[in-house]
Amino acid sequence: MIASPWHERRLNEDKKRRNDHRSPFQRDRARILHSAAFRRLQAKTQVLGVGMNDFYRTRLTHSLEVSQIGTGIRAQLKLKQPQHLPLFDSMSLIESLCLAHDIGHPPFGHGGEVALNYMMRNHGGFEGNGQTFRILTGLEPYTECFGMNLCRRTLLGVLKYPGLYSSLHHNSQQAEVNNIRQLKPADWPPVKGVFDDDKAILDWVLAPLIDSDRERFLQTHTAATGKHKRTRYKSLDCSIMELADDIAYAVHDLEDAIVMGIVSSFQWHSDVAEILKSSKDSWIREEFATIGDKLFSHHHHQRKDAIGTLVNGFVTAIDLKEDLAFTEPLLRFNAALDDEFDSALEVLKQFVYKFVIRKPEIQMLEYKGQQTVMELFEAFESDPERLLPTHTQERWRESHNKGLNCHRVIADYISGMTDEFAARLHQQLFSPKLGSMIELSHEL
């Protein structure tokens with residue numbers, strides 16, 4: 001493999017391991033796969049609560065499915081765009097991004113994310129993608145100070161929102177709640193970007209870009225009144241990962257909902273089939289007119305066939321788009337769905353949001369997790385040198401002594417918890433019926 005600044009790591013390594021001929025991206029994939037942060041995804045909520053049923057997807061199984069879809073997209077692009085084969089030189093790179101994309105999400109899904117964002121409102125905010133970047137580059141103890149020490153291209157690929165919090169945040173003068181039980185997620189949306197605490201690492205990742213590419217890459221959309229700004233661009237690798245994530249969310253989370261009886265055939269026909277029967281694409285019109293019969297069939301194999309058909313339909317409708325304003329090929333090209341398939345995917349995503357995510361029973365679980373996280377944060381913030389685990393106390397003390405953002409240490413600790421661990425720790429702190437702390441020895 002030709003030496004490239006995109007293969008560089010922040011910490012130079014000289015690992016003399018016997019007969020190790022892996023590529024840089026194969027090494028990255030192994031580091032992610034074997035990390036503690038990745039394993040914790042097995043006990044973090046995807047959409048439906050962990051432990052409610054052993055069929056539901058967790059963050060871990062979701063990430064594995066995203067990886068499978070992502071490598072399928074890469075294979076399709078290689079066939080469609082053979083002139084750009086050098087851009088797709090590693091399947092392990094796409095696997096790495098897909099496996100790592102949710103690694104920073106806190107316990108209890110969106111409820112936990114909103115909770116940490118509110119508790120960090122005066123200390124740089126919190127957002128799952130920003131935390132993913134932070135874990136990969138600093139928190140995961142593969143190295144002493146550089147996290148997993150991944151390749152620059154891998155880190156560029158995981159940047160879904162390559163902007164700093166301070167450049168994206170809009171101070172809406174939202175009044176703080178008098179009681180955390182009154183917190184409404186819609187009032188405190190997280191800023192989607194990189195934390196200011198990690199600016200130096202972001203600068204390192206973007207260092208190979210010429211000034212014009214860097215300036216354009218960091219541009220934002222014009223924000224609606226009172227809203228946070230959003231970044232406009234992402235790298236080619238990130239665009240593949242994000243499409244794979246969207247397809248998995250829309251199709252596989254739909255499967256969970258169907259199997260558990262959360263959505264009905266009537267809802268499908270009224271909110272999906274009826275809308276897509278007017279699509280300009282013949283495949284979409286014909287498949288969505290009849291595929292509901294298989295999706296809601298009592299025969300497992302028919303439903304699996306329908307799910308596979310949907311995934312295949314979207315994966316094969318992806319091609320490259322080119323932005324001539326960029327010089328760097330990794331920014332110049334992005335993967336994108338054909339317009340009609342993009343609209344169809346949005347219909348599916350809205351269907352899942354309306355009938356699954358917003359279902360009162362699901363929102364109650366999200367609310368419960370939200371409260372759990374905020375109360376844990378309050379407790380640790382009240383006396384960190386008393387309540388935090390020993391190692392985390394040391395990190396908090398070091399940040400405090402250096403005048404750094406020591407609240408970020410508390411957010412790091414809580415965000416790394418699994419749903420079950422956070423729930424048990426909350427009981428341990430606030431339930432008078434529980435005593436022993438012996439089993440709660442979790443430290444980041």
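**Entry 1: what covers α5**

I looked up the cover over the buried residues of α5 and found that it includes α3, α6 (128–139), α17 (360–382) and α20 (407–415). Buried here means under 20% relative accessible area, with exposed over 50% and partly exposed in between (1.4 Å probe, protein chains only). Contact means heavy atoms within 4.5 Å. Helices (H or I, at least four residues) and strands (E, at least two) are DSSP runs, numbered from the N terminus.

I note that this is a predicted model, in which local features need pLDDT of at least 70 and side-chain atom pairs count only at pLDDT 80 or more, while totals for chains, interfaces and linings use all residues. Residues are numbered from 1 along each chain as its sequence is written, and side-chain values use heavy atoms, with hydrogens and water left out.

I then checked α5 itself (residues 109–119). Of its 11 residues, 10 are buried, so the helix is largely enclosed by the rest of the structure. Among the buried ones I listed E113, N117 and Y118.

I went to F108, in the loop between α4 and α5. F108 has a positive phi of about 70 degrees, although it is not a glycine. It counts as buried, at 15% relative accessibility.

N149 sits in the loop between α6 and α7 (152–158). Its relative accessible area is 2%, so it is buried.

I turned to α20. Nine of its nine residues are buried, and the helix is mostly covered. Its buried residues pack against α5, α6, α17, α19 (390–401) and α21 (419–430).

Leaving out residues up to four places away in sequence, R408 touches residues including M120, F126, R134 and F195.

**Entry 2: α3 against α4**

I checked how α3 (residues 59–80) meets α4 (residues 91–100). Their axes come within 8 Å and cross at roughly 145 degrees. The axes are lines fitted to C-alpha atoms, for helices over the stretch in contact, and angles run from 0 to 180 degrees between N-to-C directions. The contact is made by S63, L64, V66, S67, G70, T71 and R74 of α3 and M91, I94, E95, C98 and L99 of α4.

**Entry 3: W204**

I located W204 in helix α9 (residues 199–205). Neighbours within four places in sequence aside, it is in contact with E8, R9, R10, R152 and L155.

**Entry 4: the whole protein**

I counted 21 helices and two strands. The radius of gyration, taken over C-alpha atoms, is 22 Å, close to the 22 Å that the globule rule gives for 444 residues, so the protein is as compact as a globular protein of that length. That rule is 2.2 Å times the number of residues to the power 0.38. The C-alpha trace spans about 65 × 55 × 50 Å along its principal axes. Buried residues make up 53% of the 444.
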